[in-house]
Amino acid sequence: MNTCGKCGIEMKENAKYCKTCGAHASLNDKKARVMTQEKTWVKPALIMAVVVVIAVGGWMFRESRAANPMGGQSQFSPQRDSSGRTAKAMAVSAQNGDIRIPVSAVEDGNAHFFAYGTGGKTITFFVMKAADGTIRTAFDACMACNHAKLGYRQEGHSVVCNNCGMGFAPADIGKQTGGCNPIPVQKGTEGQMIVLKAKDLEAGAQYF
């Protein structure tokens with residue numbers, strides 16, 4: 001049985017006209033041709049859409065890599081030796097509530113670790129100059145792994161969590177927070193000195 005291309009009523013296979021609406025059977029042929037043409041275009045259109053998505057995704061990836069040559073987060077091997085945390089840190093003290101560190105001491109682009117003792121705890125933090133020329137300051141701890149009390153280290157251009165091995169670009173410190181990102185510490189500058197408030201460091205004692 002065929003179906004009328006106009007009203008949809010079933011027609012006899014050899015009928016030339018629909019007995020209900022009188023439409024000629026050629027309408028069915030026309031409808032079949034249109035549907036065949038539509039199906040022919042579906043596959044090329046789908047392929048083209050996939051190609052466009054892949055091209056746009058590749059362009060966005062290249063742009064993100066160009067904007068962040070360090071590649072953002074990366075993975076390194078954990079180093080779970082707790083003895084090195086304070087050994088690598090230089091002891092500092094507060095004067096009139098401030099800890100002062102010369103800018104010249106951190107201009108080499110390396111992470112410089114410092115230890116500040118307060119309330120029976122040793123709070124470690126690091127200061128470094130990022131590739132974009134900004135000074136970054138952060139606790140030697142993160143929200144996710146501070147329970148392990150292992151802190152960070154530097155490998156190449158990345159600051160790496162010793163507990164889980166997650167690495168971060170210095171320029172992202174303070175921009176990205178939470179998780180395994182280094183917890184930022186507020187800072188100021190006075191001339192050629194980086195100034196951190198003792199109260200801001202003491203507020204982070206819970207992470208040590």
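Mentor: Let's begin with the model itself and then move to the part you asked for.

This is a predicted model, in which local features need pLDDT of at least 70 and side-chain atom pairs count only at pLDDT 80 or more, while totals for chains, interfaces and linings use all residues. Residues are numbered from 1 along each chain as its sequence is written, and side-chain values use heavy atoms, with hydrogens and water left out. The average pLDDT (the predictor's confidence in each residue, from 0 to 100) is 81 for the protein, and 75% of the residues score at least 70. One stretch calls for care: over residues 61-71 pLDDT stays under 50, and the model has 7 contacts there beyond four places in sequence; a contact means heavy atoms within 4.5 Å. Where pLDDT is low, predicted coordinates should not be read in detail.

Searching the whole structure turns up 1 cavity of 30 Å³ or more, and the largest cavity has a volume of about 50 Å³. A cavity is a set of points on a 1 Å grid over the protein atoms alone where a 1.4 Å probe fits but cannot get out, and lining residues have an atom within 4 Å of a point. Grid points are joined across faces, edges and corners, and the volume is the space filled by probe spheres set on them. Among the lining residues are Arg 85, Asp 140, Cys 145, Lys 149, Tyr 152 and Cys 161. Strand β8 (residues 135-142) supplies the largest share of this lining, 3 residues; strands are DSSP runs of E with at least two residues, numbered from the N terminus. By type, the lining divides into 6 nonpolar, 3 polar and 3 charged residues. Here Ala, Val, Leu, Ile, Met, Phe, Trp, Tyr, Cys and Pro count as nonpolar, Asp, Glu, Lys and Arg as charged, and the others, Gly among them, as polar.

Look next at Lys 149, one of the lining residues. Lys 149 sits in the loop between β8 and β9. Its phi is positive, about 55°, although Lys 149 is not a glycine. Lys 149 is partly exposed because its relative accessible area is 39%, given that buried means under 20%, exposed over 50% and partly exposed in between (1.4 Å probe, protein chains only).

Follow the chain on into the sheet. This open sheet has 4 strands in the order β3-β11-β10-β9, with antiparallel pairing. β3 (74-75) and β9 (152-155) are its edge strands, each pairing on one side only. Two strands pair if DSSP finds at least two bridges between them, and β9 is joined to β10 (residues 158-161) by 4 bridges, running antiparallel. One of the residues in these bridges is Arg 153, whose partner in β10 is Val 160.

Ser 158 also belongs to β10. Ser 158 counts as buried because its relative accessibility is 8%. Beyond four places in sequence, Ser 158 touches Ser 74, Phe 76, Arg 153 and Phe 168.

At 15% relative accessibility, Ala 111 counts as buried. Setting aside residues up to four places away, Ala 111 touches Phe 126, Val 127, Met 128 and Gln 154. Ala 111 and Met 128 are 17 residues apart along the chain, yet their C-alpha atoms are separated by 4.7 Å.

Key
1 Å grid on protein atoms, 1.4 Å probe; cavity = no way out; pocket = protein on both sides within 12 Å on 5 of 7 lines; lining within 4 Å.
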